[in-house]
Amino acid sequence: MSERTRHIAIVGCGQLAQMMAQEGQPLGITFSFLAEEGENTSCVEGLGELIKLEEHESGEALYQALGRPEVITAEREQVDVALLRKLQQFCPVYPDPHIFEKAQHRLREKLALTESGLPVAPFVPALGADELRRALGTLGYPVFIKSCENGYDGKNQWRVKNQAQLEGAIEEAQSQACVVEAAVDFSCEVSLVGVRSVSGEVKTYPLTENLHRQGTLLVSKAPFHDSQLMRQAQGYLDKLMRDWDYVGALTLECFVTTEGLIVNEIAPRVHNSGHWTLVGAESSQFANHLRAILDMPLGDTQCSSPTAMINMLGVNKSPSQKNEGVWLYGKSLKEGRKMGHVILVDNCVHQLSRRSEAVIDELYR
Ligand SMILES: Nc1ncnc2c1ncn2[C@@H]1O[C@H](COP(=O)(O)OP(=O)(O)O)[C@@H](O)[C@H]1O
Ligand SMILES: [Mg+2]
């Protein structure tokens with residue numbers, strides 16, 4: 001008897017869903033995608049069935065419409081947790097909805113990280129002008145004011161260095177619940193992507209160094225050579241995975257400080273800082289996420305040659321310079337939008353840096 005086709009439903013239709021499907025198809029997996037009302041689906045067209053979320057649809061009807069998937073996953077943290085719980089009655093949802101509940105709300109996320117004993121920047125929850133001003137009294141300048149909900153790529157957050165900026169941020173934040181965070185004095189930012197399978201097998205990619213432009217990731221480079229920080233990050237990721245009984249890919253974003261790592265945030269999914277694994281590792285973060293949620297043995301996560309990933313932000317022309325791969329997501333062009341990325345591999349780290357700079361110059365000049 002032939003084995004049943006492995007079918008996965010993905011909540012969300014952006015580039016992360018696209019790359020999961022592209023990496024899953026060679027593994028013999030088929031896909032369906034759940035789109036919210038008004039969600040742009042151009043990234044996943046042709047990669048599987050597209051289902052538009054209808055209001056008041058029953059969990060069962062949706063599960064059937066999605067093609068009775070073996071497992072459901074998501075490409076973003078802003079998902080309807082109640083809906084995922086309904087779907088969970090019909091098949092596993094990985095990561096579990098309780099994780100999205102934490103990750104989609106900065107205060108809940110910070111509290112969960114603290115509860116697991118991970119170090120985060122000093123923070124104060126605040127709602128409204130009075131509480132925001134009081135938070136500044138506690139933390140002092142500079143701070144980051146971040147809305148609890150709908151923050152991504154540096155959006156819905158304000159860097160505040162003085163009172164004038166505070167008043168401006170108060171105006172913009174209005175009545176949104178926020179977390180006020182002391183600014184961390186860091187030498188660089190790193191992230192760790194790890195995967196844990198249903199049976200508890202864990203693998204992590206090497207630590208990756210990340211450079212941002214206006215709050216959005218611009219460049220990731222791996223591996224970041226610091227065995228002490230790698231052990232620290234791995235310990236934190238393992239702790240979260242165990243505490244949360246995690247299944248799938250989990251990303252930890254950290255600041256490197258003189259005192260070691262401070263955890264900035266987590267992402268319960270494949271992550272932009274792991275796109276380099278498409279070329280730089282034998283098994284990409286996308287393939288390993290799928291393996292993890294289907295309880296297949298995990299693939300190799302080592303990085304054999306220094307690898308860099310450069311985001312194409314508001315640019316959708318491939319660079320003319322030598323590269324090891326260009327991904328274009330097929331989205332309509334908009335300023336600052338993640339349109340694609342370029343991957344470079346070089347045995348010499350200095351040469352890799354020079355080549356990365358040249359590609360950045362070409363893309364953004
Ligand atoms: N407490 C902080 N101290 C210093 N820099 C910060 C702090 N919080 C955020 N940043 C900077 O802003 C970027 C985006 O913030 P982050 O919390 O990761 O939000 P997002 O969800 O938009 O990625 C970070 O990668 C970092 O460069
Ligand atoms: Mg971030």
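I looked up phenylalanine 255 and found it buried, at 9% relative accessibility. Buried means under 20% relative accessible area, exposed over 50% and partly exposed in between, with a 1.4 Å probe and protein chains only. The model is predicted, so local features need pLDDT of at least 70 and side-chain atom pairs count only at pLDDT 80 or more, while totals for chains, interfaces and linings use all residues. Residues are numbered from 1 along each chain as its sequence is written, chains are lettered from A and ligands numbered from 1 in the order in which they are written, and side-chain values use heavy atoms, with hydrogens and water left out.

Next entry: aromatic pairs. I paired rings of Phe, Tyr and Trp (its six-membered ring) if their centres lie within 6.5 Å; planes under 30 degrees apart count as stacked, over 60 as edge-to-face and the rest as tilted. The count by this rule is 4 aromatic pairs. In one of them, phenylalanine 186 and phenylalanine 255 have ring centres 4.9 Å apart and planes at 15 degrees, so I noted the pair as stacked. Phenylalanine 186 sits in the loop between β8 (177–182) and β9 (188–196) and phenylalanine 255 in strand β13 (residues 248–257), so the pair ties together parts 69 residues apart in sequence. Helices (H or I, at least four residues) and strands (E, at least two) are DSSP runs, numbered from the N terminus. I found phenylalanine 186 partly exposed, at a relative accessible area of 35%.

Next entry: helix α10. I checked α1 (residues 15–24) against α10 (residues 285–293): their axes come within 8 Å and cross at roughly 75 degrees. Axes are lines fitted to C-alpha atoms, for helices over the stretch in contact, and angles run from 0 to 180 degrees between N-to-C directions. The two helices are therefore roughly perpendicular (65 to 115 degrees; under 35 is roughly parallel, over 145 roughly antiparallel, the rest oblique). I listed the contacts (heavy atoms within 4.5 Å): Leu16, Met19, Met20, Glu23 and Gly24 in α1 meet Phe286, Ala287, His289 and Leu290 in α10. For α10, 9 of the 9 residues are buried, so the helix is largely enclosed by the rest of the structure. Just after α10, I noted a positive phi of about 55 degrees at aspartate 295.

Last entry: the metal. I found the magnesium ion (ligand 2) coordinated by Glu253 (OE) and Glu265 (OE), at 2.0 to 2.3 Å. Glutamate 253 lies in strand β13 and glutamate 265 in strand β14, 12 residues apart. Donors are N, O and S atoms within 2.8 Å of the metal (3.2 Å for Na, K and Ca); water is not among the atoms, so sites may look incomplete. Glutamate 253 is buried, with a relative accessible area of 14%.
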